[in-house]
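Please provide a briefing on the structure below, arranged by topic.

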Amino acid sequence: MPPGSGTTAAESISAQLNWLVGIAGDVQGKTFHVANRTATIGRGLGNFIQTTDPDASRVHCQFQAVPGGLQIKDMDSSNGTFVNGQQITVRLLKDGDQVRIGKAVFVYRARGDFGVDYALQRKVAGASAAKATMMGGMGDLRGMLIAAMQKAQGNVVVAAQNMGVQPQHLLNLLQQHKVTPADWGGSPPAA
């Protein structure tokens with residue numbers, strides 16, 4: 001980052017590659033950061049993006065970062081995967097392409113700054129619930145965030161690494177759940 005650019009490290013992290021923006025169905029209004037990972041969409045719990053749409057297969061399609069963008073591949077789904085209204089087997093997505101799986105529709109954005117990654121929130125919430133179940137308590141995401149910041153002594157980068165998430169996403173979750181330095185007994189987040 002060039003000196004004097006006025007952009008913080010946390011701000012530059014959020015403008016990343018390969019986003020899916022839900023515009024219809026049960027994903028409407030949700031954003032998903034695929035990044036450089038291989039990710040699947042389907043009804044099954046293990047998918048990066050889970051849909052409850054009955055027209056979607058358990059593992060409906062797969063996204064894979066490739067040179068030049070994001071490739072989508074139908075995983076022999078029952079009802080097909082569509083890009084811009086055409087049924088596909090494999091296709092390299094271009095910025096602005098619409099992807100439809102059942103009633104769930106996404107717009108692919110090659111680069112974005114959407115702030116909230118719904119798949120990450122689901123992952124963190126699921127980890128929190130699993131931990132609470134193992135400990136025999138209810139647990140909550142806010143409590144998990146406070147504990148992570150306490151353990152990292154207020155350092156967002158360290159807390160994010162410990163949680164297996166990007167620092168910007170952790171900052172977004174802290175803000176969304178109204179977690180302040182007073183909650184973890186420290187000063188504002190160090191990033």
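**Contacts of Asn18**

Asn18 touches Phe32, His33, Val34, Ala35, Asn36, Ala65, Gly69, Leu70, Tyr108, Arg109, Ala110 and Arg111, leaving out residues up to four places away in sequence; contact means heavy atoms within 4.5 Å. The model is predicted, so local features need pLDDT of at least 70 and side-chain atom pairs count only at pLDDT 80 or more, whereas totals for chains, interfaces and linings use all residues. Residues are numbered from 1 along each chain as its sequence is written, and side-chain values use heavy atoms, with hydrogens and water left out.

**Setting of Asn18**

- Asn18 is found in strand β1 (residues 16–24); strands (E, at least two residues) and helices (H or I, at least four) are DSSP runs, numbered from the N terminus.
- With a relative accessible area of 4%, Asn18 is buried; the terms are buried for under 20% relative accessible area, exposed for over 50% and partly exposed in between, with a 1.4 Å probe and protein chains only.
- The side chains of Asn18 and Tyr108 are joined by a polar contact of 2.6 Å; such a contact is a pair of N or O atoms within 3.5 Å, where, within protein, one must be able to donate a hydrogen and the other to accept it, and residues adjacent in sequence count only if both atoms are side-chain atoms.

**The open sheet**

- An open sheet is formed by six strands in the order β2-β1-β11-β10-β7-β8, with antiparallel pairing; two strands pair if DSSP finds at least two bridges between them.
- The edges are held by β2 (31–33) and β8 (86–88), each with a single partner strand, so one side of each has no neighbour in the sheet.
- From one strand to the next, the twist averages 30°; axes are lines fitted to C-alpha atoms, for helices over the stretch in contact, and angles run from 0 to 180 degrees between N-to-C directions.
- Seven bridges join β1 and strand β11 (residues 104–112) in the antiparallel sense, and Val21 stands opposite Val107 in β11.

**Nonpolar cores**

- The largest nonpolar core has 21 residues, and Leu20, Phe63 and Phe106 have the most contacts inside it; a nonpolar core is a set of buried Ala, Val, Leu, Ile, Met, Phe, Trp, Tyr and Cys residues joined through side-chain atoms within 4.5 Å.
- At least two residues of this core come from each of β3 (38–42), β5 (61–66), β6 (69–74), β10 (98–101) and β11, and β11 gives the most, with three residues.
- A second, separate core has 14 residues, among them Ala152, Val156, Leu173 and Leu174.

**Helix α5**

- Helix α5 (residues 167–176) is largely enclosed by the rest of the structure, because seven of its 10 residues are buried.
- Buried residues in α5 include Pro167, Gln168 and His169.

**Aromatic pair**

- A search of the whole structure finds one aromatic pair; rings of Phe, Tyr and Trp (its six-membered ring) pair if their centres lie within 6.5 Å, and planes under 30 degrees apart count as stacked, over 60 as edge-to-face and the rest as tilted.
- The ring centres of Phe32 and Phe106 are 5.9 Å apart and the planes lie at 70°, so the pair is edge-to-face.
- Phe32 in strand β2 and Phe106 in strand β11 are 74 residues apart, and both are buried.
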